[in-house]
Amino acid sequence: MESFTIRAPGRLAVRPLRPEDEVGVAQLSAACDDYFVAATGSTALTADGQSMHYSLPDGADFYQKHLLVLMREDTPVGLVDAVEGHPEPTTCSVGLFLLDPQARGKGLGTRAAQHLLREAEARGTRHVTATCPRSWARGIAFLEQLGFAVSQPEPQSSTAVGNRLRRPTERQLCTAVRRLGNDAVGAPAAANRTEDGAS
């Protein structure tokens, strides 16, 4: 995926993750402990950031993996982990959309997500899937605002969640689907809202 810049207030660059971002991403993860506790029952670990590079769902290849950072100046304030073309060729699975608490509520995450959805559609994606803890109301509202249909948790027998392996403590995850292109049923009613969250 190509880099782009959001020119709205709080200018933000979105680009592929680079090796030199590792320290900043670890700091971002630590700042987002509220999300990790809601999602996994524990705070973020240093190894979590490293494992994202290698974590793939069954049947996916590394070339399908996209790790993107949302950069304000030289500091990562957001992280997106997605697998393109999984589980179907026209589906993209989002494992993480993380935003620093200081950057939330300013519309940055919304604008970045809207751009990425448009780019995914242009690349032939027709369904985007994501997961969100039922207790993470901010994330569920963010997904719904973007036009995702959010379903309540069902019993989970799979060891995978989104595009990665499930932790033993991960339960009560809502699933979300956003249809694109000709498969879309109506446009999201809140395309210009500015509430952000992690999902």
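Me: What is the mean pLDDT of the protein chain?

Reply: This is a predicted model, and the mean pLDDT of the protein chain is 79. A pLDDT of 70 or more is reached by 73% of the residues.

Me: Which elements have the lowest and the highest mean pLDDT?

Reply: The lowest mean value, 47, belongs to strand 9 (residues 164-165). Helix 5 (residues 137-145) has the highest, at 94.

Me: And where is the pLDDT below 50?

Reply: Residues 187-199 form a stretch with pLDDT below 50. In the model, this stretch has 45 contacts beyond near neighbours in sequence.

Me: Changing topic: how many salt bridges are there?

Reply: The count is five. One of them joins the side chains of aspartate 34 and arginine 104, with an N to O distance of 2.8 Å.

Me: Where do aspartate 34 and arginine 104 lie?

Reply: Aspartate 34 is in helix 2 (residues 33-40), whereas arginine 104 is in the loop between strand 5 (91-99) and helix 4 (108-122). The pair therefore ties together parts that are 70 residues apart in sequence.

Me: Is arginine 104 buried or exposed?

Reply: Arginine 104 counts as buried because its relative accessibility is 9%, under the 20% cut-off.

Me: What about aspartate 81, which residue does it form a salt bridge with?

Reply: Aspartate 81 forms a salt bridge with lysine 65, and their closest N and O atoms are 3.0 Å apart. Aspartate 81 belongs to strand 4 (residues 75-84) and lysine 65 to strand 3 (residues 65-72), so the pair links distant parts of the chain, 16 residues apart. Both aspartate 81 and lysine 65 are buried.

Me: Which residue meets arginine 123 in a salt bridge?

Reply: The partner is glutamate 84, at 2.7 Å from N to O. Arginine 123 sits in the loop between helix 4 and strand 6 (127-133), and glutamate 84 in strand 4, 39 residues apart.

Me: How do the accessibilities of arginine 123 and glutamate 84 work out, buried or exposed?

Reply: Arginine 123 counts as partly exposed, with 43% relative accessibility. Glutamate 84 has 16% relative accessibility and counts as buried.

Me: Finally, which residues are linked in a network of salt bridges?

Reply: The network of salt bridges links Glu84, Glu119 and Arg123.

Notes. Residues are numbered from 1 along each chain as its sequence is written. This is a predicted model: local features need pLDDT of at least 70, side-chain atom pairs count only at pLDDT 80 or more; totals for chains, interfaces and linings use all residues. Side-chain values use heavy atoms; hydrogens and water are left out. pLDDT is the predictor's confidence in each residue, from 0 to 100. Helices (H or I, at least four residues) and strands (E, at least two) are DSSP runs, numbered from the N terminus. Contact means heavy atoms within 4.5 Å. A salt bridge is a side-chain nitrogen of Lys or Arg within 4 Å of a carboxyl oxygen of Asp or Glu. Buried means under 20% relative accessible area, exposed over 50%, partly exposed in between (1.4 Å probe, protein chains only).
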